[in-house]
Amino acid sequence: MDWGTELWDQYDIIEKHTQSGLELVEKYAKFVKERTEIEQNYAKQLRNLSKKYNQKRSNKDEPECRLSSHQSFLDILNEMNDYAGQRELIAENLIVNICIDLTKYLQEIKQERKTYLMEAKKAQQSLESTYKQLDNSKKRFEREWREAERAAQHAEKTDQDINATKADVEKAKQQAHMKAHIAEECKNDYAAQLQKYNKEQNQFYFNDMPLIFNKLQDLDERRAQKLAQGYILFSDTEKQVMPIIGKCLEGITKAGSSVDEKNDSRIVIEQNKSGFERPGDLEFEDYSQGINRASSDSSLGTPKGPIDLLGKNRSKNFWLFSRRTKFSSSTLTPFSTPPTPSPSNGSTSPKFGRDPLSYCLKEINKTVKPRISSFRTLRRSKVTPEKALPTVTEDFGHLPPEQRRKRLQQKFEEICKELQKEVDKSEALGKMKDVYEKNPQMGDPASLAPQINQTSQKIEQLRGDMSKYETWLAEAGGRGDTLRYRAQSFNNNGAHDVYSPDGAHSDESTPDPSQAIYAEFDDDFDDEELTAPIGECIALYNFPGVSEGTIAMQEGEALAVVEEDKGDGWTRVRRNNGDEGYIPTSYVSITLKK
């Protein structure tokens, strides 16, 4: 069914309907735009929320960061951040695929509708102009015909008048004949105009307007189809990101499922285990015997048992094995073994009397302040900052035994790694100095002296620190042999001696067994598997390779690159026969594997 056939006389209705359709498109585009604003605000709020609760993520040294529950929460925040990104993607796609597209299409169909309406108006104006011409010719014909009738009646009356002269009669007849001729011409003109109007009217109602109405119908149908596509895109845009949103939600579920409460408890134990022994039972003190009176239970300084240890750990005011509370070798700690009885009389030492534990408690009471004696006072007590924070010592003596051992172990390993780095640097400087001495054109050996001296001082300092922390670690019950490093050999004169880590030349020095932990060679280096090449190089010049650790090469020779230049100007290469060594980086053209 066509508008041109069925609605041929409903021009105003068609005009109003098409205008309403355009307004609906504009309204929907505005609706989608406001929806995108909601999505953008929602995504922004989600991002701000994730950022707000993710502020501690950068501080990975905090103890709780190792807990699975804490890490799962961080994973949830990351998933929510990704979820916010998908909401932003929805908003972006809605703007591009619907708002911008519909706005552009709306402008096009507005212009097209305007063109069709102008054509209809032009056809209407043409028909109205023809009708006006017809009406004018009709009125003229009517007027002239009436005048011709009056002229004919006047001529007949004059002809019957006996008083009228022959000239008057002839004149009246001529006038009547002229009027009749004019009326006949007007009649013919009216007939022609009527025929023209009927033809144009038929063209207007059966051809021109139906064609325009059909074009407007096609425009309105295309507009409805485009709008329907926009409705579908509104849903499809969100459906496209639903799989990713589903993955985000699955990630949140996975984060919740990855919480390992048992492992978290184990981590809490590892991080906070003090290493103290639980207090033993107090022995009965017989005051009827003539011994030194021990501190009574009412003494504020006497340990009451586990509650006192809890209070001690809470306030951090006292550690049994801290440097501040160490006793002399003759004074026993509560966990020390009492001296063996004298074989002469079989009695205990008179210094301790009959009860060594009582003496120990008395000594502790003299050296420490009163402590919290119950859970209630532990909860209600307020410790001043200066009392709450223990004195931090270099040997971590302010920490409980287990925590002290871990910190010492960590510090010892850090020093070992730093020392290995400095030794490698010293080795590179030694090789460079040898090359400069053999090939003066490559550089001045004296220019390396400041760096060599600085490296030597650094190695000596690290060696002292390592020895110090190794001793403390041994006292804490830890192991100091976790890392090794290779002893390097070079001196300022080009002679190769055993170069100790502290930078001193030990030509005739006797090895110190206490330093074997970091001064011995690693004998397993030769047995290790060959490192896979990371590239290849072509020699640009000849290189003699007379220094220790270097390898000779000829111009044009192809070698495999094993280790890149670390900034010291040397590259480690390997021949096909397995020989390895260092060569100057500037002497070769290197191609690394991607």
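Tutor: The model is predicted. The protein chain has 12 helices and five strands. Of its 594 residues, 35% count as buried.

Now the helix. H11 covers residues 449-475, 27 residues in all. From its first C-alpha to its last, H11 reaches 39 Å. That is close to the 39 Å expected at 1.5 Å a residue. After H11 comes Gly 477, whose phi is positive, near 90°.

Next, the buried side. The buried residues of H11 are Ile 452, Thr 455, Ser 456, Ile 459, Leu 462, Met 466, Tyr 469, Glu 470, Trp 472 and Leu 473. Keep the helix repeat in mind when reading that list. An α-helix has 3.6 residues a turn, so residues three or four places apart point the same way.

Some of these residues meet a partner from another helix. Glu 422 lies in helix H10, residues 401-438. Glu 422 touches Thr 455, Lys 458, Ile 459 and Leu 462, leaving aside residues up to four places away in sequence. Thr 455, Ile 459 and Leu 462 are among the buried residues of H11.

Glu 422 is buried, yet has no salt bridge. The nearest side chain of opposite charge belongs to Lys 425, 4.9 Å away.

How values were computed:
Residues are numbered from 1 along each chain as its sequence is written. This is a predicted model: local features need pLDDT of at least 70, side-chain atom pairs count only at pLDDT 80 or more; totals for chains, interfaces and linings use all residues. Side-chain values use heavy atoms; hydrogens and water are left out. Helices (H or I, at least four residues) and strands (E, at least two) are DSSP runs, numbered from the N terminus. Buried means under 20% relative accessible area, exposed over 50%, partly exposed in between (1.4 Å probe, protein chains only). Lys and Arg count as positive and Asp and Glu as negative; His and the chain ends are not counted. A salt bridge is a side-chain nitrogen of Lys or Arg within 4 Å of a carboxyl oxygen of Asp or Glu. Contact means heavy atoms within 4.5 Å. The expected span of a helix is 1.5 Å times one less than its number of residues.
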